[in-house]
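Colleague: I am new to this structure. Please take me through some of the terms used for it.

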Amino acid sequence: MSCPLPLRALLLLPLGATLLCSAQGLSAAERQPDAQRGAVIAAQGTAAGAPPCAQCHAFNGVSDSSGAFPRLAAQPAYYLAKQLRDFASGTRDSAIMTPVSKALTLEEMQDVAAYYATSEAPFMPLAAGDAKLIERGRSIALKGNAAKDIQACNNCHGAEGAGEPPAIPYLAGQYAQSIVSAFDMWRSGYRKSSEGAMAVIAKQLDEQEIAAVAAYYQQVRTSAVAAQK
Amino acid sequence: MAERLKPVDVVTIGVGLTGAIMAKELAASGLKVVGLERGAARQTVPDFQSPNIHDELRFAIRKALMQDNVKEAVTVRNSSDQTALPMRRWVGFLPGTGLGGSFVHWNGQTYRFQPADFVMKTHHEQRYGKNFVPAELMIQDWGVTYDELELHYDRFEYMCGTSGKAGNIKGKIQPGGNPFEGQRSRDYPTPPMKEPYYGALFRKGAESLGYHPFPQPASTLSQPYTNPEGLKLQQCVFCGFCERFACEHFAKASAQTIVLPVLMKNPNYELRTGCQVQRVNLDSTRKKATGVTYIDAAGREFEQPADLVLVTAYALNNVRLMLLSGIGKPYDPKTGEGSVGRNYAYQTVSAADIFYDQSVKINPFMASGSSGTVIDDLAGDNFDHGPHGFIGGAYIGAIMTGGRPIEFRPVPPGTPSWGAGWKKAVAENYNHTVHLTVHGSSMPARTNYLDLDPTYKDAWGQPLLRMTFDFPENDIKMSAFTTEKTAEIGRAMGGKTVSSAPRKKPYTTTVYQTTHNTGGTIMGNDPTTSVVNRYLQSWDVPNVFVVGASAFPHNASYNPTDTVGALTYWAVEAIKTKYLKSPGPLVHA
């Protein structure tokens, strides 16, 4: 087994790099997050005013299929905690998530991230969508767009978008609408994390390519299961 | 019988860094150019895609991107009284093959040579007197100066999008950069890469001893970049698979990312792959090339007539092609006469390892081929050599290129070499070791040279290149000095133990050191001691130019690619602005 690959992309994220280069970062990372405490926050929110995560993301983290809220279940804890820190700091600017995150302490962020990371919620079968669009998305996921010098999504997000923990989320089985929405946030500047990679890619891909990638990843797990039957 | 093809204006032998850049420039100026590449065509998509491209066994151990040494090897010996044997596996050095050449599997380290390097002999005589340089060496001036090359270095770096911090812009020292470097006309095109933890530890240790650390200049990019040809490069993700691998990310400068897409669109250009050039053909005067003869992948022989022949293969193969074509007089180590094959030089590389306790987590896998932190204080002639009795030096740095599982297994001295004890030590030290590289210069010696092997032949029946090389005493002394200084820095970096070893004789090809093979068709101002003039034009056959690290009269303390790139632009500009107007010798001896 090679441990290099999963951890490789920490440097994509400026905060990740800082953490690894500073002794303080190492000691903060050594506190063991409390997933049970995280579960309580997910279900009930906090006294300081953070609402229950479950209201939108469901208690098991599958959210709903509207795609307005991304699926959180089994995303890497590091990644989830970083998103909460980014919402709190304004690196990700969201009318909903920024106030929620500001109401959480750093330890509560770690705990709730740990909880959702361990959730084993199922991937629900979703509508497969347009076959041509999916095929186009698959091509970009596997090979990028060489004409635009855009690298393949799977180079960082793992084979079939399975994720490269701890820093890089899975895309496989994420709601297409959530993926499109994430691209929109990068394109419009509301999301300033990954400025060197995702923000650039989001601006280089056109809307149809984004829709194609999103449609591909939404169905990749269920189509893989179907193929095995 | 060779089939004679339609004549073209220019043929390049090899389509790597030098061949692609020269072809692009000349095709753009209206000439019909054919590029002959012995290897396969390959592009980022689909050839370099993950996860396949991260196959360490295939690429790093079995060397999938390298010259096929079943067909074409190099024979090696340490001295001319030995019998050279062919390298059956590439280990010591790794010549690439295929479209883009070694410019695909390089690490991206992008250093300029020092101004003093280009006036090596004059500089050392002026600073240390006429008797200082050891008699075993034959250093000489290059015939071109740093100031003449500066804008070509700049152009190449802006093509690559190199990430770094200038230390000297127009004579003004810049904080955070390399204060020893020759002056630059402007800063690097992109800011330095992020400093890895191992680089930060080195920086601290080096600073505590009064050295001047700076981020290693990297053509694995710190941020997205569009080069002057309009080609886009992406941000490096520190995956740790650069050297020996190709980049799937459009993040490493290579022929594929910085020039080929533009070249391939030009209707004046034709690329032919799988074409093994046998020789440059000369007319009856032997002062004019008529073209080249090559054999294609199906075994058919062709003659490609051309007005201008550019020898743009890997450095070693440039030398071999000149010898096979009978251009220039081969070097004879007994008499010191002749020039083709002389001044073969390498790189004198050594290392130190710092072993930390379990609380210091290095994460060595998080790297690019050119991330890291270095010092230039002990490189080239940046320090007073008066008391030391040798010339040259080394840059020193924490420039770990990835913690790949098969290759990276640091263990402290005294560890058993196999079994449970070894495994335990690997597990204990993998994430807690910093490796320091001592990247030393290589001086040409009278006894080191390249010629044709009398015994061994390639798959097409032509003699292999024979390398006769051992480290000169000068370089052994240099390595002892710089390696000890490196160990001192290691001890200042706060580890448990430091182990270090200077480079020792004899040279062996069974341990990887570097692929920086230089010299053999060297440039200069005197046709008796150089193969090409200051514009890389053959003294003997003026419509042949030989471009690459084979032109270096010695190898400096640095990785050669930036200087190869600069010389390529320097030579192609001379062709465009001087040679094409009046074909013939650009320098009269």
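Colleague: Which residue is the bridge partner of V280(B) in strand 13 of chain B?

Modeller: The bridge partner of V280(B) is V292(B). Bear in mind that this is a predicted model, where local features need pLDDT of at least 70, side-chain atom pairs count only at pLDDT 80 or more, and totals for chains, interfaces and linings use all residues. Residues are numbered from 1 along each chain as its sequence is written, with chains lettered from A and ligands numbered from 1 in the order in which they are written.

Colleague: What makes strand 12 of chain B and strand 13 of chain B a pair?

Modeller: Strands are DSSP runs (E, at least two residues), numbered from the N terminus, and two of them pair if DSSP finds at least two bridges between them. Six bridges join strand 12 (residues 276-282) to strand 13 (residues 289-295) of chain B, so the two strands pair. They run antiparallel and form a hairpin with six residues between them. In that turn, R286(B) has a positive phi of about 60 degrees.

Colleague: How many bridges join strand 13 of chain B to strand 14 of chain B?

Modeller: Five bridges join them, so by the rule of at least two these strands pair as well. Strand 14 of chain B covers residues 301-311 and runs antiparallel to strand 13 of chain B. T293(B) stands opposite E303(B) in strand 14. Five residues lie between the strands of this hairpin, and G299(B) in the turn has a positive phi of about 90 degrees.

How values were computed:
Helix = DSSP H or I, 4+ residues; strand = E, 2+ residues; numbered from the N terminus.
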